[in-house]
Amino acid sequence: MLSLIEQIKQGTLWDFPGGIHPAENKTQSNQNPIVSASVPTEIVLPLKQHIGKAGDLIVAVGDRVLKGQPLTRYNTSFMLPIHASTSGTITAIEPRTTAHPSGLKELSIVIKPDGEDTWCERHICEDYTQLSGDELIEQIRLAGISGMGGAGFPTAKKDSVWSSAHRDTHYQCG
């Protein structure tokens, strides 16, 4: 007879009684046609969306913003910029309740969309393999990318630590 460790290594699966099998509830969704989501009448963007300090504001109430436009800037490696998710006008910069279990308010930028969804000028990198590791990390930071874990750790900070340990490694597309 095989030991428990040997059985696990061979990929043995065991049946067990019990478990939960909730009803699918598909009748609520398969009876109606698919609809397109519309742009909301108000967009609330908390300044602090990651671990670390919120970025420094670079916009003001009344400013017209474009989709993708940075609304904050960073001055330390634990800060990230946030960007407008659509074009419109900033109607407020004020504390708003955020989607956090604490129910606390965070300083937020409020945008009234104009319905045009106009992009700001984009600086597209045609070939990321031509960038140095530091340049690539800076592009990640400028994009405001953070982790999806509980803390929202800035991805560029993770990459800069990894990059310094792997200076001679080239980025490759998998």
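This is a predicted model: local features need pLDDT of at least 70, side-chain atom pairs count only at pLDDT 80 or more; totals for chains, interfaces and linings use all residues.
Residues are numbered from 1 along each chain as its sequence is written, and side-chain values use heavy atoms, leaving out hydrogens and water.

Reader: In what order do the elements of the protein chain run from the N terminus on?
Author: Helices (H or I, at least four residues) and strands (E, at least two) are DSSP runs, numbered from the N terminus. The protein chain holds 3 helices and 6 strands. Their order is α-β-β-β-β-β-β-α-α.

Reader: What share of the 174 residues in the protein chain is buried?
Author: Buried means under 20% relative accessible area, with a 1.4 Å probe and protein chains only. Of the 174 residues in the protein chain, the buried share is 24%.

Reader: Within what arc do the buried residues of α2 fall, seen down its axis?
Author: Helix α2 spans residues 133–142, and its buried residues are L136, I137, I140 and R141. The arc is taken from the directions from the helix axis to the C-beta atoms. These buried residues line one face of the helix, because they fall within an arc of 145°.

Reader: Which residues does Q7 touch, not counting residues up to four places away in sequence?
Author: Q7 lies in helix α1, residues 4–9. Q7 counts as buried because its relative accessibility is 17%. With contact meaning heavy atoms within 4.5 Å, and residues up to four places away in sequence not counted, Q7 touches L2, T12 and W14.

How values were computed. Buried means under 20% relative accessible area, exposed over 50%, partly exposed in between (1.4 Å probe, protein chains only).
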